[in-house]
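I opened this notebook page to record what I looked up about aromatic rings and one annotated span.

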Number of protein chains: 2
Amino acid sequence: MTDFRPPVADLAYALKHVVGYDQVAELPGFEHADFDTVTEILEEVGSFMAEAVAPTNRAGDLEGARLNADGTVTTPTGFVEAYSAYVDAGWGSVPLPEEFGGGGFPRTVGLAIQELMMEANMAFSLAPLLTQGAIEALLHYGSDEQKQAWLPKMVTGEWAGTMNLTEPHAGSDVGALTTRAVKRPDGTYGITGQKIYITFGDHDLSRQIVHLVLARTPDAPAGTKGISCFIVPKYLMNDDGTLGERNGVHTLGVEHKMGIHGSPTCVLSYEDATGYLIGEENMGMRIMFVMMNSARLSVGTQGLAVAERAYQQSLEYATERIQGRAIGATQDSPIIDFPDVRRMLVTQKAYIAALRRMMLLNAVYVDISTHHPDAATRARADEIVGLLTPICKAFGTDLGNELTSLALQIHGGMGFIEETGAAQHYRDVRIAAIYEGTNGIQAADLVGRKLGVRGGASFLEFIGTMRELDGELAAAGDEFASIRTQLASGLDVLEQTTGWMLRTGAADPNSVLAGSSPYLRIWGLVVGGWLLAKSALAARDLDGDAIAESQLPLARFYAEQLLPAASGLVGAATGGSRDLFALDADALGDVTRRPARV
Amino acid sequence: MTDFRPPVADLAYALKHVVGYDQVAELPGFEHADFDTVTEILEEVGSFMAEAVAPTNRAGDLEGARLNADGTVTTPTGFVEAYSAYVDAGWGSVPLPEEFGGGGFPRTVGLAIQELMMEANMAFSLAPLLTQGAIEALLHYGSDEQKQAWLPKMVTGEWAGTMNLTEPHAGSDVGALTTRAVKRPDGTYGITGQKIYITFGDHDLSRQIVHLVLARTPDAPAGTKGISCFIVPKYLMNDDGTLGERNGVHTLGVEHKMGIHGSPTCVLSYEDATGYLIGEENMGMRIMFVMMNSARLSVGTQGLAVAERAYQQSLEYATERIQGRAIGATQDSPIIDFPDVRRMLVTQKAYIAALRRMMLLNAVYVDISTHHPDAATRARADEIVGLLTPICKAFGTDLGNELTSLALQIHGGMGFIEETGAAQHYRDVRIAAIYEGTNGIQAADLVGRKLGVRGGASFLEFIGTMRELDGELAAAGDEFASIRTQLASGLDVLEQTTGWMLRTGAADPNSVLAGSSPYLRIWGLVVGGWLLAKSALAARDLDGDAIAESQLPLARFYAEQLLPAASGLVGAATGGSRDLFALDADALGDVTRRPARV
C-alpha cells in the first residue's frame with residue numbers, strides 16, 4: 001500500500017494559473033477566500049486526509065459496513081474516529097454559509113476539499129458528500145424555521161444527511177416512485193414506502209441522520225410533477241433541541257457491493273414516519289435537482305480522485321518493481337523504464353491533470369453563477385455549468401474506470417491480488433459512472449436539455465472561447481505547434497458534431513440520443529486538451545515551479561496522443577440510430593438458433 | 001442470473017462462412033472432422049456446458065477455492081461433480097491425438113469447445129486449459145516413455161496439469177527465476193524453490209496433478225538460456241502405474257483475488273521434489289513457448305467468452321427492465337428501447353462477433369501450420385499465427401474488460417450489487433489482460449519479434465490479403481458502400497502505421513515500443529472489421545438463416561461507428577517516446593511539492 005500524497009500543489013497550480021481562481025476571490029462575499037488563504041487550507045486539509053482518513057481506506061474495503069442483528073449499522077474500523085476528527089477540524093463547513101456556522105468559502109474550495117477526501121477514502125467521503133447535498137437543498141428551499149432547526153448541526157457535520165430517491169421500480173425514472181406522504185392534522189406528513197440504494201442510509205458516524213425523502217401525496221399528479229420532498233429525521237426532535245424518539249424509518253438491508261464496501265448502501269423502510277414538507281407540495285423534482293447538480297460535479301471528481309490515488313500507487317510500484325532490462329540498460333530495470341509502462345503512467349497523469357482542471361473550472365463557474373453581481377454574467381456562467389456538469393460527471397467517471405484499470409495493469413499479477421490494493425480502486429470507482437444519473441443519462445442531458453439552450457448558441461459560444469487560445473498558441477512558437485494543430489482539429493470535430501446534433505435535433509431525436517455518449521466524450525477530450533494547453537502556456541513564466549515544469553510535456557502528449565481519439569468518435573456520434581435499431585431483441589440474442597442452411 | 005445460451009449457431013456460422021473451416025477439414029488427418037460432425041459436437045458441448053458447468057459459476061465466485069488446515073485445497077460446491085462429468089463426456093480429449101486416446105480433432109474445434117466452457121465458468125475452465133498446455137509441451141518435447149507414462153490420463157482429464165513459471169521476482173522476466181534443479185545419480189532431478197500464481201496448483205478435481213516446472217540447473221547460463229523444464233507430479237508413480245507417495249511439493253497459500261475465485265491460485269513450495277527433465281537441459285524456454293502460444297489464443301478467447309456471457313445477461317436485463325418512456329412510446333418502455341442502451345448492446349454484440357471470428361481464424365491457421373502437406377503453406381500459416389496470436393490475446397482481453405463494463409453499466413445500480421452477477425464477469429475477466437504475458441508484453445511481441453519477419457513482408461502481405469475484399473465489397477452495392485469506405489480507411493491507417501514502425505525500427509526501438517499497444521489495437525480493430533465485412537458478404541446467399549440476417553447491420557455498425565477509432569490511434573502509435581520519457585519519476589509524482597511562485 002502506498003501512502004497517499006495529497007496533490008495540493010497541482011490543485012493550487014490549477015486554481016491560480018488555469019481556471020482563474022482570482023475571479024472567484026474577487027466576488028462579493030469571498031473577500032476572505034484569497035488564493036493564499038485557500039492554499040493554506042488545502043495544505044492542512046491534505047495533511048489531515050493523508051493522516052486521519054487515508055489509513056482507513058483499506059480496512060473499509062476488507063471489513064465493509066455491516067447491518068447488525070438489532071438493525072443498527074456499523075461502519076468499518078476507524079471510520080467513527082476519522083469522522084469525529086473531520087467534524088472537529090470543521091473541514092465540511094468550509095464552503096457553507098457563515099450564517100449557519102460555515103466558513104463562507106466558494107464551492108471551488110469545497111470541491112478541492114472533496115477531491116482530497118475522496119482520494120483518501122472514497123467510501124468514507126460519501127457521508128459528508130450526501131450531507132452536503134441535503135444541506136444545499138435546505139438552503140435553497142427550506143423555510144427559515146427549517147434552516148434554523150436542521151442546518152447548524154448538519155453544517156458542522158454533527159448530523160449527517162441523505163438523499164432518498166430510488167425505489168425498486170424507480171431508478172433513472174424517478175417519476176415512477178410510489179412512496180406515499182399523507183398529510184396529518186398537525187401539518188406534518190406520514191411517510192410510507194421503501195427506498196433502495198440509500199448511501200449512508202444508516203451508520204454510527206453521527207447520532208442524528210436527516211433524510212431528504214421524495215414521496216407522493218395522495219392527489220399528486222402522475223410522474224415527476226407529483227413528487228414532493230420531505231425532511232425525515234432518524235430521531236424526532238424534542239422541543240428543547242435534544243433528540244427524541246426514533247422515527248418510523250428502519251434499515252432492512254445493507255447491499256453487498258463490488259466496491260466502496262465502507263459505505264453502507266441501505267434499503268430503508270418508512271412506516272408512517274414523520275416528515276416535514278420542504279417548500280410546497282409537488283416541488284420535489286426541483287429540489288432534487290439542486291442536490292443532484294451539485295452531487296454530479298462531486299461524483300465526476302470521484303473519478304478523478306480515485307484515479308489519482310491509484311496512479312500514485314502504480315507510479316510507486318513501477319519505480320520499485322525491477323523486472324527485465326530496458327533498451328540500452330546495463331542492469332535490470334525498474335518497469336518505469338519500459339515505454340509501454342510509461343505510456344500507461346503518462347496517460348494517467350495527463351488525463352488526471354486535465355480532469356482536475358475541468359472539475360475546478362466547472363466549480364469556478366458555479367461560484368460565478370451564484371455570486372457575480374452582474375445578472376448577465378451569472379446567467380452565462382449558469383449556462384456553462386449546465387454544459388460542463390454532465391461532461392465532468394460522465395467523462396470524469398468513465399476515465400475513473402479506465403485509469404484505475406491502467407494502474408491495476410501496471411501491477412501485473414499483483415494487481416489482481418486483493419492485498420495490493422490496486423484492485424480496490426478499480427472496484428470502488430466503478431459505481432461513479434452509475435449513480436447520480438448514469439453516464440447515459442448525463443449524455444442525454446447534454447444533448448436533450450443543454451444543447452438546445454439559445455438554439456445551440458451556448459455550446460457554440462463556449463467552442464468560440466476555446467478557439468481564442470489559438471492566437472496565444474501560435475505566438476508561443478514551435479514547442480506548441482503540435483498542441484495548436486491538434487487542438488484546432490479537436491475543436492473542428494467538436495463544432496462539426498455539434499452542428500450535426502443541432503441540425504438533426506427535433507427531426508430525429510433518437511439519432512441525437514444514439515450519438516450522445518460519444519458526443520459527450522468528444523467534449524471531454526477537447527475541453528481537457530484546451531485546459532492542458534492553457535496550463536502549459538501559463539507554465540512558461542514560472543521557472544522553478546515543480547508543477548509548471550511538467551505542463552508542456554503533458555499537454556503535448558495529450559494533444560498528440562490522446563486528443564486525436566476525438567476524430568475517431570465522429571462516426572459514432574453522428575452515425576444515427578438506424579443500425580442500433582436494425583436488430584430486434586430476438587436478433588440481438590440470436591447466437592443459439594441453429595442456422596437454416598449451414 | 002441468466003441461463004447461459006451457448007452461441008453454437010454463431011460459432012457454426014463463423015466456421016462455415018467466415019474463417020473457411022472446410023480447409024481445415026480437408027487437411028490430412030482431419031477427414032473425420034467434417035463440418036457437420038463438428039457442429040453436432042459443438043451442439044452437444046454447448047448443452048453440456050449450459051447444464052453441467054454454467055450452474056457452478058455463481059457458487060464458484062461466492063465460495064471460492066480454499067486452502068484447508070491440512071494443506072489440501074477444496075474447490076467450490078459443484079466443481080468436483082462438473083469436472084467428473086466433463087471427464088466422463090470426454091470433451092477435453094476431442095482436439096488431442098488419437099494415439100493417446102484423444103479424438104484427433106483440429107485445434108479450431110478445441111478452441112470452440114474452450115470458448116463454450118469459458119462462457120459457462122471461466123474459473124472452472126482453467127483446470128482443463130492448463131492441463132492442455134502441459135499436454136502440448138509433452139507432445140512436442142517429451143520422450144516416448146514420458147508420453148506413454150503421462151499423456152493418456154492427462155488426455156482423458158483424469159489427471160490435471162499445471163504450468164509453473166512465475167516466482168516473486170520473475171514474472172514477465174522469466175529468465176530471473178531461481179528455482180534449482182539438481183541432478184541425482186538416478187537421472188531424476190531434485191527441484192527446490194517457490195512458485196507463485198500457479199493456477200489450479202492444487203485442487204480436488206483429480207487425484208494426480210502433473211506440474212510442469214521451470215527451474216535452473218547448477219551450472220546453467222544466466223537468464224532465459226539457462227532454464228530447463230521438468231515434470232514434477234504431485235504423487236510419485238509406482239511401477240505398476242498406481243499412485244505412490246507424495247512428492248515434495250506443497251501448497252503454501254491460495255491467493256485472495258478480485259475475480260475467478262473458483263480457481264485456486266497457489267503458492268507452491270518445492271522441497272527437493274522429484275522432477276523428470278523434458279527434452280534437454282536449458283531447453284525450458286522453448287518448451288514454455290509451446291505452452292504459452294497455445295494458451296495465449298485461449299486467453300484471448302476468455303475475453304470473448306466472458307463478454308458473451310455478460311452480454312447475454314445485459315440483453316435479458318435490458319429487455320425486462322421497464323424504466324421511463326422511449327421517444328414515441330405510449331407506455332413505459334424496456335430500457336432496450338433507449339438509444340444509448342442500444343449502443344451499449346450493439347457495441348457488445350459487434351465486438352463479440354468480430355472477436356469470435358478472429359479467434360477462430362487464428363485457430364484455423366494453427367491447424368494449417370501443423371497439418372498442411374505443403375511446407376510453404378505451413379510456414380506462411382505459422383507466420384500468420386505469429387501475427388494474430390498477440391492481437392487475439394491483447395485485443396480480446398482488453399475488449400473483455402470494456403464489454404463486461406458495458407454489460408454491468410446496462411444494469412444501472414443493480415450492476416454494482418454482487419447478487420446480480422454482472423459484477424462477477426467484470427471482476428473475473430480482468431486477469432486475462434495480465435496473465436500469459438501482459439497485454440504490454442503482447443504488444444512488444446507484435447512489434448519486437450513478429451513485425452520484422454521477412455523485413456515486414458509478413459505483415460504487409462496480410463494487409464494485402466485484407467485489401468482483396470475491396471472488389472467484392474464494391475460489387476456488393478450500396479448497402480456495403482460505407483463498409484467498403486471505412487475498411488479501406490482502416491487498412492490505410494494500418495499500412496501507414498506499419499510503415500512508420502518499419503522505418504523507425506532498429507534506429508529507435510523505444511519509439512516503436514512506445515507505440516506498440518495502440519498499434520496492436522489498430523490491428524485488432526481492422527482485422528475485426530475485415531472479418532465482419534466477410535461475414536456480411538457471405539450472409540447475402542443465406543436467406544432464412546438466423547445468424548446471417550444480423551451480419552450486415554453488425555458489420556455496418558462496426559465499420560461506421562467502431563472501426564474509425566483506428567484513425568484516432570495513429571497519433572499514439574507513431575508519437576514516439578519523447579514525451580513519455582520527458583518526465584522522470586520525480587516529475588511524474590509531482591503533485592505535492594509546493595509550487596515556487598504561486
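The entries below cover conventions, the annotated span, ring pairs and charges over rings.

Conventions. I worked on a predicted model, where local features need pLDDT of at least 70, side-chain atom pairs count only at pLDDT 80 or more, and totals for chains, interfaces and linings use all residues. Residues are numbered from 1 along each chain as its sequence is written, chains are lettered from A and ligands numbered from 1 in the order in which they are written, and side-chain values use heavy atoms, with hydrogens and water left out.

Annotated span. I took "domain: Acetyl-CoA dehydrogenase-like C-terminal" from an unreviewed UniProt entry, which lists residues 473–584 of chain A; such annotations may be inferred rather than shown by experiment. The span is 70% helix and 0% strand, with its end C-alpha atoms 49 Å apart (helices are DSSP runs of H or I, at least four residues; strands are runs of E, at least two).

Ring pairs. I searched the whole structure and found 27 aromatic pairs over all chains (Phe, Tyr or six-membered Trp rings with centres within 6.5 Å; planes under 30 degrees apart are stacked, over 60 edge-to-face, the rest tilted). Trp150(B) and Trp159(B) make a tilted pair, 5.9 Å centre to centre with 55 degrees between the planes. Both Trp150(B) and Trp159(B) are buried (under 20% relative accessible area, 1.4 Å probe, protein chains only). Tyr351(B) and Phe395(B) are edge-to-face, at 6.3 Å and 80 degrees. This pair joins helix α10 (residues 339–371) to helix α11 (residues 375–410) of chain B, 44 residues apart. Tyr351(B) and Phe395(B) are also buried.

Charges over rings. I found the charged end of Arg207(B) over the ring of Tyr235(B), 5.6 Å from its centre (NZ of Lys or CZ of Arg within 6 Å of the ring centre and within 35 degrees of the ring normal). Arg540(B) lies over the face of Phe480(B), 5.6 Å from the ring centre.

Terms used:
Buried means under 20% relative accessible area, exposed over 50%, partly exposed in between (1.4 Å probe, protein chains only).
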